[in-house]
Amino acid sequence: MATGYFSHPDCRRHDMGPGHPECPERLAAIEDHLIATGLDVALQRREAPLADLRDLERAHHAAYVANLKDFMEQVAASGERRAVDMDTVVGPHTWTAALRAAGAAVAATDAVIDGELENAFCAVRPPGHHATRSQAMGFCFFNNVAVAARHALDVRGLQRVAVVDFDVHHGNGTEDILAGDDRVLMVSFFQHPLYPYSGDQPSAGNMCNLPVPAYTKGMDVRELIEMIWMPRLERFRPQMIFVSAGFDAHRDDDLGQLGLVEADYEWITRRVMDVAERHAKGRVVSCLEGGYHLGALARSVAAHLRVLAGV
Ligand SMILES: [Zn+2]
């Protein structure tokens, strides 16, 4: 069985303006590197479908989804950009891109549960892990991973899923949506203090948060993962694992000050796969979150994919 690679050209049309780090070139850099390394032939490409509004409403308030739809359609009609907050901007193509990003996560979940794919990576934007039940923020509109996790539970009937978030920023949106849902265990590490300045006190027992100070290196993160994440994941025995795969904890990334390198992403992915193989029939769906240094992003995604694809 193959590793799926879900993406869509619409995800490159979402553009938050000149100089914005969450830029369309991120996906181009990943694609180019996969071709240059020959890794693309090991992946099964799938086109990301548009998410259904019902899919989004499993993670977000219906009124939030409806209001965002109205707003984004107005922006699309106007042809101009409008900011939601200081760094989260809606452009004419954002609505479609956001539906593709969440749709990729849902379709990947179905393909993996149906046994068509062993696991899958969604090369999508906008990212999702800062989007709360009712607020767009931090470059995120819909919480792709939370939407997919709820789909696996509510629609596909799984009883326990884990969310692993290794982005440098706290996945406050995912925590907001999934805190207290005991069918979910979320494990994360993140630089603290750093945007969005939350997560140091987990809001519920199903949240396993590891705040780490600036300049923490990969080896120290690995030790924490081994000591704290792994026993929790083993005890929880997830039937599927969702990954919020942000690569901005890389030492070359300017949005954070952590010191991870490609080998650390390879190691983390291996540990996630170990749990998935023991308890979840190998079922992993990973969605791109952050990662803003184009070279480091492309190399780190490749390291992640090499482990997922077993090549
Ligand atoms: Zn991030």
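R278 lies in helix α8; helices here are DSSP runs of H or I with at least four residues, strands are runs of E with at least two, and both are numbered from the N terminus. This is a predicted model, in which local features need pLDDT of at least 70 and side-chain atom pairs count only at pLDDT 80 or more, while totals for chains, interfaces and linings use all residues. Residues are numbered from 1 along each chain as its sequence is written, and side-chain values use heavy atoms, with hydrogens and water left out.

Back to R278. Leaving aside residues up to four places away in sequence, R278 touches M230 and E234, where contact means heavy atoms within 4.5 Å. The side chains of R278 and E234 are joined by a polar contact of 2.4 Å. A polar contact is a pair of N or O atoms within 3.5 Å; within protein, one must be able to donate a hydrogen and the other to accept it, and residues adjacent in sequence count only if both atoms are side-chain atoms. R278 and R237 are 41 residues apart along the chain, and their C-alpha atoms are separated by 8.3 Å.

Next, the helix pair around that residue. Two packed helices are described by the angle between their axes and the distance between the axes. The axes of α7 and α8 come within 11 Å and cross at roughly 10°. Axes are lines fitted to C-alpha atoms, for helices over the stretch in contact, and angles run from 0 to 180 degrees between N-to-C directions. α7 and α8 are therefore roughly parallel to each other; that label covers angles under 35 degrees, with over 145 roughly antiparallel, 65 to 115 roughly perpendicular and the rest oblique. On the α7 side the contact includes W229, M230, L233 and E234, and on the α8 side it includes W267, V275 and R278. By class, the contact of α7 with α8 has nine nonpolar, two polar and six charged residues. Ala, Val, Leu, Ile, Met, Phe, Trp, Tyr, Cys and Pro count as nonpolar, Asp, Glu, Lys and Arg as charged, and the others, Gly among them, as polar.

Helix α8 (residues 262-279) also packs with helix α9 (residues 294-309), at an angle of about 30° and with axes 8 Å apart.

In what order do the eight strands of the open sheet run? The order is β2-β1-β5-β10-β9-β6-β7-β8, with parallel pairing; two strands pair if DSSP finds at least two bridges between them. The edge strands, each pairing on one side only, are β2 (43-47) and β8 (207-212). From one strand to the next, the twist averages 15°. Helix α7 (residues 218-236) lies across β6, β7 and β8, and runs at about 170° to β7.

Last, the loops. Cis peptide bonds join H192 to P193 and Y195 to P196, each with omega about 0°. P193 lies in the loop between β7 and β8, and P196 is found in the loop between β7 and β8. Y215, in the loop between β8 and α7, has a positive phi, near 75°, and is a residue other than glycine.
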